[in-house]
Amino acid sequence: MTESTAFSLSVEDGIAVLTFDLPGESVNKFSPAVIEEFTGYLALLEQDQAVRAAVLISGKPGTFIAGADIDQFLAFRSADDAAQASAFGHTMMRRIETGRVPLVVAVEGACLGGGLEFALAAAYRLAADTPKTIFALPEIKLGLIPGAGGTQRLPRRIGVQAALDMILTGKNVRAKKAKQSGLIDEIVHPSLLREIAIRRARELAEGKIPRVRETRRRTTMSRAIDDTAVGRTIVLRQARQLAMKKSGGNYPAIPAAIDAVRAALSGSESAGYATEARLFGQLAMSPVCKELMFLFYATTALKKDAGVPEGTVAAKVDRIGVVGSGFMGAGIAAVSAQQGIPVRFKDTALDRVAAGLAAVRDVLREGLTRKHITRREYEDRVGLVSGTASYTGFGRIPLVIEAVFEDLGVKHTVVRELERVLPTDAVLATNTSTIPIVRIAEASARPERVIGMHFFSPVHKMPLLEVVVTPKTAPEVTVRAVEFGRRIGKTVIVVRRPSAIASARVRRWRVWSRPADSVGRAGRGSTAMTRRGSAPGSTVRSMRSIPAAHGRPSCRLMPSSSASSSRW
Amino acid sequence: MRTSPFGGPGSGHRVAIIDGVRTPFAKAGTLLKHLGVIELGKLAVSELIHRTDLDPASIDLLTFGTVIPSVLAPNPAREIALMPLLPKGVQAWTVSRACASANQAITDAADQILLGHATVAIAGGAESLSNVPILHSRGFSDALVAASRAKTPMQRVQSLAAIRPKDLIPVTPAIAEPTTGETMGQSAEKMAKLNGITREAQDALALASHHGAAQGTADGRLTAEILPIFPERGSRTPITADNGIRADTTAAQLAKLSPVFDRAYGTVTAGNASPLTDGGAAVLLMREDVAKAAGLTPKAYIRSYAYAALDPGEQLLQAPVLAAPLALRRAGLTLDQIDLVEMHEAFAAQVLSNLQGFESQRWAERAGASKPLGAVDRTKLNVMGGSVAIGHPFGATGARVTTTLVNELARRDGQFGLMTVCAAGGLGFAMVVERA
């Protein structure tokens, strides 16, 4: 065993509780060292006859296991190398699944990628009832498929349709949904998590809970799909057709994932795992995966670099103004309201504001339709957006984003009107994509407070936000814009020079780095991939060339603050 | 010890009325029928916060008036305060004083400020007469309760079998006095007869109300206090004005309407009474020094207020005649010093009875005054119409009247304003506001 102490063990009355708390990291993740330490504990528990069952719980508040450390993926030298790593994972998971000591996982917070594959191998999955408790297999976003048995155990656990939905989109599944689908066994209040986990472990040891059991509610339809060769074939074929259509065939991980799931449902168990390992190996060496991982690193490496003096503190944006109630303005208002930020929505006439508010409601209603939010939450969010045809309510607003017609004269008028009503330290952001910010700032009496915030349409689906600074833009202004962008869940890039090329390239990257928008959900985001589905390599090379072309880094990637996508 | 301008102990500061905002007032069952008391209140409070550029974190309390409460949300003020715009730590309670409920909210908030318990308060009211709870009959309720307590299915069937056809008729709350059984309209009818208020005089007042409100709507003075509503259902056309105001109504048209409450000899018609209305209104109150420190310019300050009551069986809506002299005395003012009067118009007959009472020696003595207040200069009374035209959402009217008064007083650069509100139960309210 190594020096690292990611785990701590206590045994009480025959039940072992293993606490996972990776030192020096904000989240728990699997690395070779961690796996080595864990298997050491596993051996220890297997040998100790006094231990009858075990619980694995996270010592980190808000996260369970965020997945595998992707550093190890970069170390693969060949497809065989990667496939072997996958097979190694299979061995460990199999040991957890069939070993003498049944394991209960007590999940509070993110349970992602390898973390979920681990949980699937356990004998009992208990989850805390918190909004942060989410389950996902996000490997597809890196151009990979789950490599530690996820494509095999998940379809058997929750059925082929639900499994494909998770594997092909990488989407987050909340605890309640996970319970409904049979992914987990039970949900409890977080304060009871440990206690109930120990109780369930004891019941497993006593045989009161069988180690192998069905956790989903079976319907006739689910049986028809999962338990008949015809049903499975139809579903897999449909998934393949849909995914290929939406990805334009540019995303090898999608057919690979479908093939792996097919292998899970037909033929022997060992053949299924072998298929998963082989496909994982191939994908790990594919150009798409390499480029996506490069971009992931680029994003992470530049995480803290806003291009402003270190320690610049910005005022918190507690409400925003949006001028111009067109599609962009409405999108910006909607994503702000989604994050609980009040919006003052201004246009020249109230019927235009009404149209904009209707568009805001349409965006917010999607959450209601998908049951992500309750009606009460929907109404609260709608209530955060108020409309006006005058500039009342702008006197205390710390950030205004104008999204009016792309005409320099109109923009200048809006800048002058705004500066008459805004507090002097407000940030005036312009959502232009065609007019240089410097030109717009010409109308400003306070050009240091002017900045570009270039959103992409549709705002609620496109993850990218380009913050364009002028030579005059004050550092605090940049930080305020960047922090706001992150708060509304955007990946923020600070662009020093207006560079349409950079945004176009990065936009393209984001489009195919998020198959979630492309495969799983029908919608506006999904068509983008086909349209821009060029070979990924060229795009990334262009990105790499940007700093050189300008002689200095002109493009900084700033990932959104959402932790769920940071590790696999 | 510092004393309050109202005469009691207090913080020694005046209470500033910073601004007021209201929804459009819409006849019940029309434009606002999908919005309940809580939604109407939230809309008014949210817009008030935005328009005044108020930091929501500074708000200490929110109190709201409503007359017909929802059984499901008995403290609507708290539900309003729980909208995400406000911090969760805002005190909130609901008050009820019939048609003066919003006034009760405003004076409660003012008292809290004067006591030094608060510095920033939102007070208002809302009413949705489109969403009146319809109740089951007593017999039906009894059967349901008995059934819920039944121990066997047979007992349950027996309990429910006790329901008689007449029990199935729902009970709609009437606007009637519990003590006398008299409806509002009947009370107004009685007042018209007791005080000799003619049909013509009532119709003339109603006409003035509609024309004044129409003028205020056309020139934007009245609509300045209205927030636009962007309907979620039906037409998406923003609602920006009250829908009960009839700019084109004439004396002849009003004269054609039949009396409602006394078909044979009555004078009160649908035309000279306030309609059933939906709406919400809110007012921002602050301690004078806190408002100044925040850079806010108050529209006016509360100088004094008074409540009064009389026997509901007598003249139900005549208590403003007792409250107004008291409020003026507390303000140290006389009626001739008042630049503008806003009198809530439940019925034209009530307004004219109240005005007559102001001039009456008998009523002056009942109010404890040696001589009558005197005649109200009609050019200073309800200059943009009143509740007859604008509408009367019971819980909201007091905040509407306050807002209308302080806005118009400022426009006219007047010094003192008086408002009165009559209320069910024989209650009356009066308040004096001052500028600068």
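**Figure 1. Cavities in the predicted model.** A search of the whole structure finds five cavities of 30 Å³ or more. On a 1 Å grid over the protein atoms alone, a cavity is a set of points where a 1.4 Å probe fits but cannot get out, and lining residues have an atom within 4 Å of a point. A volume is the space filled by probe spheres set on the points, which are joined across faces, edges and corners. This is a predicted model, in which local features need pLDDT of at least 70 and side-chain atom pairs count only at pLDDT 80 or more, while totals for chains, interfaces and linings use all residues. Residues are numbered from 1 along each chain as its sequence is written, chains are lettered from A and ligands numbered from 1 in the order in which they are written, and side-chain values use heavy atoms, with hydrogens and water left out.

**Figure 2. Lining of the largest cavity.** The largest cavity holds about 80 Å³ of space. Its lining includes Leu18(A), Phe38(A), Leu42(A), Ala54(A) and Arg95(A). Helix H1(A) provides the largest share, four residues, and H1 and helix H3 (79-98) of chain A each supply at least two. Helices (H or I, at least four residues) and strands (E, at least two) are DSSP runs, numbered from the N terminus. The lining divides into eight nonpolar, no polar and two charged residues; Ala, Val, Leu, Ile, Met, Phe, Trp, Tyr, Cys and Pro count as nonpolar, Asp, Glu, Lys and Arg as charged, and the others, Gly among them, as polar.

**Figure 3. The second largest pocket.** A pocket is an open set of points with protein on both sides within 12 Å along at least five of seven lines. Of its 36 lining residues, Arg361(A), Leu35(B), Leu43(B), Phe230(B) and Glu232(B) lie nearest the centre. H16(A) gives the most to this lining, six residues.

**Figure 4. The open sheet of chain A.** Six strands form a mixed sheet in the order S1-S2-S3-S5-S7-S10; two strands pair if DSSP finds at least two bridges between them. Strands S1 (7-12) and S10 (186-188) of chain A stand at the edges with a single partner strand each, so one side of each is left without a neighbour in the sheet. Strands S3 (residues 53-58) and S5 (residues 103-107) of chain A pair in the parallel sense over four bridges, and Ile57(A) has Ala106(A) as its bridge partner in S5(A).
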